[in-house]
Each structure stands twice: as C-alpha cells, then as structure tokens.
Amino acid sequence: MRLHIDWTACDGRGVCTELLTEMLTEDDWGFPVLRNGDTVPPPLDGAARRAVDRCPMLALRLVT
Amino acid sequence: MTDALWYFARGSGVVSLLLLTVVVALGIGSRSGRPAFGLPRFAVSLLHRNAALLAIVFLVGHVLSLLFDPYAQLRLLDTVLPFAGHYRPVWQGLGTLGFDLLVALVGTSLLRHRLGARVWRTVHWLAYLCWPVALLHGLGTGTDNGTWWLWAISIACVVVVVAALAWRISPNFSRFPARADRAVAPRLRPHLEEVK
C-alpha cells in the first residue's frame, strides 16, 4: 500500500504528520514530507488509515 | 415510569446542548490548524467527532423518550417535520429543525470521503445554524425554561461559543500561526506578514 498526497488539496494543517510521524515530517510551512518513500509498512497500516480518515482537506489517500 | 421518560428527555436534552457546545468550540479549534485547548491537532479533531457522535446518542434518547412520553404526545411526524407539532409548535419545531440539521451534518461527515471536500464543507457550515437553533429550543420549550440553572447552563454555552467565534474572527486566527516565523529567513519575514 502506498500513501498518496494530493498537493492541490493539502493545506498543511498538520494532522497527518502527528498521526503518521513514522512516515511523515513537517516542512517549514507545515506541509507533510515523506521521510522514506511512500510505501506504507504493514505495521503502520492502522496509523495510515487514521491519518487518511482525519485529514481535514481529504488530501490523503491510500493507493494499493 | 411515565415521569421517568419526561425526566430523561429533559436531562438528555441538556446534555446534548452541552456536548454540542463542546463540538462547536472544538470544530473551530480544529479549523485553526494548530494545537488548541492544550490538545494536539489530531486529538482536537477526534474529540470533535466523538463528542458529536455522543451528542447524537443523547439526542436520539431525547427524541425517543419524548416519542413514548404520555405528556409530550409527540407524533412520529414531529421528529422529522419541524413546526407541525401541537404543543408550542415553534419551540418544538426548532428542536426538530436542529435534529434534522445535526443528522445532515453527521451524515455528510461520515460520508465525506465519498462526497468530496467541497460538498462536505458547504453542509458543515450549517453547524453555525444548528447550534443556535438547539439553544433556542432548550430555552423556549419544556418544563425547565426560566429556571436559574437552565439559564446558567445556556449562558455558559453562549459564552463558550461566542469566545470561540471571536477567536475565529480575530487576526490571530491565521493559517500556520506558530510556524511561519520559525524557519523563514529574516529578510523574507516582512513579505510573509503580507501573505498571512
């Protein structure tokens, strides 16, 4: 499973970087940056789903 | 038993109003895009959702108990169609209207990944109509209107929401408030102030 960030929708609210801190870090403006590629490791499945669910701009998606 | 339904209806109504006040304040807090009320951003968002779902539970209890209450004599139609009731139709209708609005708000929120952000956000603005309607319903109808404690609760709720709204409208409520100054080169900061 891969994590897809829709950059036209992302507003840098920072919810996903809190919920998925293993995969995402904030840039200087609060937008998420992938740490090590977009592949979601199986143990982070739940956290990734939660981040997708909570994104206020619906800018996160999981792609299989 | 008949009295129990009436007491439960009153209590659950007040609890719903308190929860909805919390939901509105947290919703405004989550819109700010920064940690609010001493909670991380995801916690504000989750608490906003869970408090809203809990409010729905109490509201369903409120409506169901009144539906079976022998005094209220609520018809099934009155739970959906506002301003058609026999007893204080306007005040009761406000309750029905608030309930309909809340169902729309929660329903679209649960389906927002299918509806898309724009539709969901448009419907979600109805929250600013739903909350005052619920407040007026509580003040105008029922056994407890005019009691000091219901006034105290209502005024406390108004204070919380008005304070949250004032914060929402204030210049402090900009995008990226805590972040922009942190990592931007000093010579760019004046330009940044214009953007904010």
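Biologist: What pattern does chain B follow along the sequence?

Modeller: Chain B reads α-α-α-α-α-α-α-α. That gives chain B eight helices and zero strands. Helices (H or I, at least four residues) and strands (E, at least two) are DSSP runs, numbered from the N terminus. This is a predicted model: local features need pLDDT of at least 70, side-chain atom pairs count only at pLDDT 80 or more, and totals for chains, interfaces and linings use all residues. Residues are numbered from 1 along each chain as its sequence is written, and chains are lettered from A and ligands numbered from 1 in the order in which they are written.

Biologist: How do you know that the span of helix α3 of chain B agrees with its 22 residues?

Modeller: The expected span is 1.5 Å times one less than the number of residues. For residues 89–110 of chain B that should be 32 Å, and the end C-alpha atoms are 31 Å apart, so the two agree.

Biologist: Which residues of α3(B) are called buried?

Modeller: Buried means that 20 or more other C-beta atoms lie within 10 Å of the residue's own; exposed means 12 or fewer, and partly exposed lies in between, with C-beta atoms placed from the backbone. In α3(B), B:Gln92, B:Leu94, B:Gly95, B:Thr96, B:Gly98, B:Phe99, B:Leu102 and B:Leu105 are buried. Their cover includes α2 (41–68), α5 (117–124) and α6 (127–140) of chain B. Across the 196 residues of chain B, 30% count as buried.

Biologist: What makes chain A as compact as a globular protein of its length?

Modeller: Start with its elements. Chain A has two helices and four strands, in the order β-α-β-β-α-β. The radius of gyration of chain A is 10 Å, close to the 11 Å that the globule rule gives for 64 residues, so chain A is as compact as a globular protein of that length. The radius is taken over C-alpha atoms, and the rule is 2.2 Å times the number of residues to the power 0.38. Along its principal axes, the C-alpha trace of chain A spans about 30 × 20 × 15 Å. Buried residues make up 31% of chain A.

Definitions and conventions:
Two residues are in contact if their C-beta atoms, placed from the backbone, lie within 7 Å.
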